[in-house]
Every structure is written in structure tokens, then in C-alpha cells.
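I open the notebook on this entry and set down what I looked up, one topic at a time.

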Amino acid sequence: AQRMLTQRHEVEQLLAPLRLSRADLERVQGLMRQEMERGLGRDSNADASVRMLPTYVCNTPDGTERGDFLALDLGGTNFRVLVVRVMEEGIHMASEIYVIPTSIMQGTGEALFDHIIECIMDFQAKQNLMEQVLPLGFTFSFPCQQLGLDKAMLLTWTKGFSASGCVGQDVVQLLREAAERKQHLALKVVAVVNDTVGTMMACGYDDPRCEIGLIVGTGTNACYMEERKNVGTVEGEEGRMCINMEWGAFGDNGCLDDIFTTFDRMVDEKTINAGKQRFEKLISGMYLGEIVRHILLAMVDKQLLFRGKPSLKLQTKDIFQTKFLSTIETDGLALQHVQDILRDLELDASFEDSVLVREVCQTVSLRAAQLCAAGLAAVVEKMRENRGLAQLAVTVGVDGTLYKMHPHFSHNLQQMLQDLAPNCAVTFLQSEDGSGKGAALVAAVACREP
Ligand code: ADP
């Protein structure tokens with residue numbers, strides 16, 4: 001019994017840095033708010049970790065949008081070309097997935113954009129759209145400095161892309177040049193859209209209160225409608241503009257250093273962008289499994305798990321997938337199933353081991369949801385203050401497999417958000433196919449305007 005007490009104490013010690021107090025989360029919320037203000041500022045945004053990029057999207061849909069549009073979706077799991085018909089009865093879409101070979105993702109910019117044009121031409125031929133010039137919305141989910149709705153300078157590639165000659169260039173221009181090279185003279189690009197903005201717009205079509213977009217998938221990011229007069233980097237005082245926060249980079253300037261644990265540091269060190277996207281690395285699908293793996297390794301090392309028997313397999317990067325957290329944390333799942341998952345990893349887990357692994361998963365996913373809530377709390381509170389309201393009712397359009405598939409993430413997020421921003425009534429709406437639909441709606445809203 002004494003030994004078990006000591007073990008419990010050691011487990012608690014190991015997990016303690018991952019358990020955030022209410023005060024910790026309020027501090028994160030305050031820091032996010034501070035970084036947002038700095039990012040929005042006219043000249044101080046050079047050292048803000050949250051870039052607060054203007055999107056030139058000034059309105060959410062009002063339901064009167066109509067027309068046929070082409071949409072491209074680049075930067076998610078798949079590259080897709082879509083035709084989106086926005087009609088009175090609703091939105092109809094058809095799409096094709098095209099593969100972008102790694103050699104093209106990491107080759108020259110010309111080859112990448114030529115490939116994209118070829119895919120568009122193939123799609124138009126298949127859909128019998130060769131004769132028409134449809135307005136095109138381009139969901140391009142990489143950080144861009146936008147200078148207009150149809151002008152977006154790529155700041156950096158992420159997610160495994162590295163095509164040469166693109167950083168610092170206007171991606172719409174690169175697309176138009178490729179169209180010229182390919183003699184595709186009927187391309188009318190009207191908007192470049194980040195996936196967060198696409199998600200907000202897609203949900204905004206169904207719910208006019210949707211003025212926030214959130215992604216919790218491979219990475220995490222958010223956008224929201226800011227007062228134009230607060231956007232120091234864009235002229236104009238009237239109305240609002242959607243801001244792509246690029247909040248995954250929150251903390252890259254060191255402001256979250258005391259939140260990061262040794263496990264987070266170990267995960268970060270082994271990534272291709274060490275020291276970057278620090279907030280994202282605490283929250284999103286690409287990293288949660290890795291954090292759990294490092295905690296399990298430390299527990300084995302301290303003889304707290306698997307009888308201290310080292311496992312070679314557990315030392316393999318990414319072997320513990322984030323989807324395992326979803327399974328292991330499912331309510332009512334027999335511990336036998338947890339043991340089965342662990343056995344596939346060549347881990348011989350006792351009943352007690354399974355209980356402990358589940359506790360580790362819960363700790364890591366709860367922290368992720370709570371940090372995400374702290375970020376969102378800063379956003380909704382700012383919107384409420386902007387509008388001089390005692391109470392704000394707002395909807396968040398959400399996409400991303402982690403948010404959609406994890407059994408407790410969304411609940412934990414919503415509960416913590418309510419605690420941290422009690423004067424905001426926040427509704428969450430899951431987007432279906434937000435990237436493609438959203439890009440078309442941005443194009444539609446742009447076409448609607450005089
Ligand atoms: P993207 O953000 O690129 O569009 P997704 O939204 O599909 O991609 O998210 C992919 C991420 O979701 C991966 O990092 C993966 O680990 C994670 N994931 C996949 N299945 C699950 C699941 N069942 N539960 C939680 N996370 C999952």
C-alpha cells in the first residue's frame with residue numbers, strides 16, 4: 001500500500017505541470033488579448049506572435065447570394081477543385097480530389113501552379129464547364145499578407161509545402177501566370193480565402209450570428225470580425241473586417257514559456273519548425289499523441305508504467321496517434337480495449353496501466369481544450385467590448401477532425417469558455433465542407449457588393 005501511495009504521488013508530480021489552474025487560463029486569455037492588440041497595431045506588429053492578418057472579407061453572408069462559382073482548396077489534407085451553385089433552395093456542390101505529389105509540393109512554384117491549372121482544366125472538362133467563366137474563390141490555407149481580396153503574398157509555407165519562388169509572391173498572380181502559360185484564358189480569380197474564413201462564411205450562410213471561424217485539425221487557427229477602425233494595418237474606419245489571427249503562433253515570442261512542460265519541449269524539438277507554432281503544438285491533432293507518447297516514456301522510465309519495461313516501439317515518433325486519445329477516452333470503453341490498443345504498440349499493459357494511460361490522455365486533451373477556450377475567450381470578450389455590449393451572443397463555425405471526433409474536446413472547450421467569458425453566449429456550429437463552400441461564398445459576397 002505504501003508503494004502504491006508513493007507511485008500515485010510520483011504520477012501526480014509528473015502530470016502536475018499539465019494541469020492548468022483557472023488562474024493560469026485567465027493569464028493565457030490576458031496574454032492572447034495583449035498579443036491581439038499588438039498584432040492589430042499599426043507598427044508594433046513586427047514582434048507580436050499573433051499576426052492578426054487582414055482578409056479583406058468585410059461581410060458575412062446574408063442569404064441573398066446567388067450564382068455559380070469555382071473553388072480551389074489547397075492546404076488541407078487534400079487538394080480539391082469544386083463547382084459551387086448558390087441557389088435560393090440551397091447550396092449544391094460537386095468536387096474532385098487531386099493528388100499533389102510530394103515532388104511538386106517541394107519542387108518549383110511554376111510546376112506547382114501549372115499542376116493546379118491542369119487540375120482545374122481537367123475538372124472543367126469533366127463538369128462541362130469549359131465554355132463558362134465562373135468567378136473563382138481560392139482557399140489557400142497558408143499564412144498570407146493580404147493586400148486585397150484577390151491579392152495575397154505568401155509569408156511562409158507550412159504543412160510540408162516548400163515550392164520555390166513563392167514566398168513573398170502574390171499567389172493569385174502566380175495562378176494567373178500559370179493560366180497564361182497553359183493558355184487557360186478564362187480564369188477569373190476574385191478572392192483568396194484562409195480556411196478559417198471559409199469555415200466562418202460557410203456556417204454564416206446558415207447562421208447570421210456566425211462571426212468567428214475556428215479550426216482544430218492538423219493545426220489550429222481562428223478568425224473573427226473586427227472593427228475596421230481597430231485594424232491599424234488597413235485604411236478605413238467604417239464597418240468590420242475579418243481578421244485571420246494565425247493564432248497557432250501564439251507564444252512564439254516566449255510569452256507562454258511557463259505553460260510549456262518538458263514534454264512539450266521534447267515534442268517541439270523533433271518538429272520541422274522547432275520554436276514555431278507553439279500554441280498549436282499544445283492543442284492540435286498533429287501533436288497531442290506525441291505529447292502523450294513522451295509522458296508515457298517518462299512514466300516507463302520512472303517505473304510507473306508497464307513494469308518499467310522499455311519498449312522500442314514507443315520510442316518511435318508519431319507511433320501514438322491522436323485518434324488513439326479519442327478511442328481511449330470514449331466513455332464506457334472497456335479497459336480491455338485500451339489494453340488492445342496498447343498491445344498493438346507492443347506494450348503489455350495491466351489493468352492499472354490502462355487506467356493510467358487513460359488518465360494521461362485525458363490530461364493532455366483537457367489541457368488542449370482549455371487552452372483553446374482561453375484563446376477564444378479573449379476573442380469573444382474583445383468582440384463584446386468592441387460593440388459596447390453587456391452581453392454578446394455569437395456563433396463559432398468550427399472545422400477539424402480533432403474537434404469533431406474527440407469525445408470530450410468540444411464539451412471541455414465550451415464549458416471552459418463559459419467560465420472564462422461569462423458575459424458571452426457562444427454557440428458552436430460544425431461546418432460541413434467549409435473550405436470549398438466558404439471560398440465560393442466569399443466570392444459570392446464580393447460579387448454581391450456594388
Ligand atoms: P486538416 O486540418 O489538415 O484539414 P483534419 O481536420 O482532417 O485535417 O485533421 C487531421 C488531424 O486529425 C490529424 O492530425 C489526426 O491526428 C487527427 N485525427 C484523426 N482522426 C482523429 C480522431 N478520431 N480523433 C482525434 N483526432 C483525430
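**Sheet.** I began with a pair of glycines: Gly 213 stands opposite Gly 397, which sits in β12. The strands concerned are β9 (residues 210-216) and β12 (residues 392-399), which run parallel and are joined by five bridges. I take strands and helices as DSSP runs, a strand being E with at least two residues and a helix H or I with at least four, numbered from the N terminus; two strands pair if DSSP finds at least two bridges between them.

**Basis of the values.** I note that this is a predicted model, in which local features need pLDDT of at least 70 and side-chain atom pairs count only at pLDDT 80 or more, while totals for chains, interfaces and linings use all residues. Residues are numbered from 1 along each chain as its sequence is written, and side-chain values use heavy atoms, with hydrogens and water left out.

**Another strand pair.** I then looked at β5 (residues 135-140), which runs parallel to β8 and is joined to it by five bridges; the bridge partner of Phe 138 in β8 is Val 192. Strand β8 (residues 188-193) is mostly covered, since five of its six residues are buried, where buried means under 20% relative accessible area, exposed over 50% and partly exposed in between (1.4 Å probe, protein chains only).

**Ligand.** Which residues are closest to the ligand? I listed Thr 77, Thr 218, Gly 285, Ser 326 and Thr 401, from a surrounding set of 13 residues, a residue being near if one of its heavy atoms lies within 4 Å. A polar side-chain atom of Thr 401 lies 2.7 Å from an oxygen atom of the ligand, and polar backbone atoms of Gly 285 and Met 286 each lie 3.3 Å from a ligand oxygen. The protein covers 72% of the 580 Å² of accessible area that the ligand has on its own, by the Shrake-Rupley method with a 1.4 Å probe. Helices α10 (322-328) and α13 (401-405) are the elements that give two or more residues to the shell. By class, the shell has three nonpolar, nine polar and one charged residues.

Glu 359 is buried, with a relative accessible area of 17%, and touches Arg 8, Glu 12, Leu 15 and Arg 19, not counting residues up to four places away in sequence; contact means heavy atoms within 4.5 Å.

Ser 365 is also found in α12. Is Ser 365 buried or exposed? I read a relative accessible area of 1%, so Ser 365 is buried. The side chains of Ser 365 and His 406 are joined by a polar contact of 3.4 Å, that is, a pair of N or O atoms within 3.5 Å; within protein, one must be able to donate a hydrogen and the other to accept it, and residues adjacent in sequence count only if both atoms are side-chain atoms.

Arg 384, likewise in α12, is buried at 13% relative accessible area. The side chain of Arg 384 reaches the backbone oxygen of Leu 389 at 2.8 Å.

Methods. Ala, Val, Leu, Ile, Met, Phe, Trp, Tyr, Cys and Pro count as nonpolar, Asp, Glu, Lys and Arg as charged, and the others, Gly among them, as polar.
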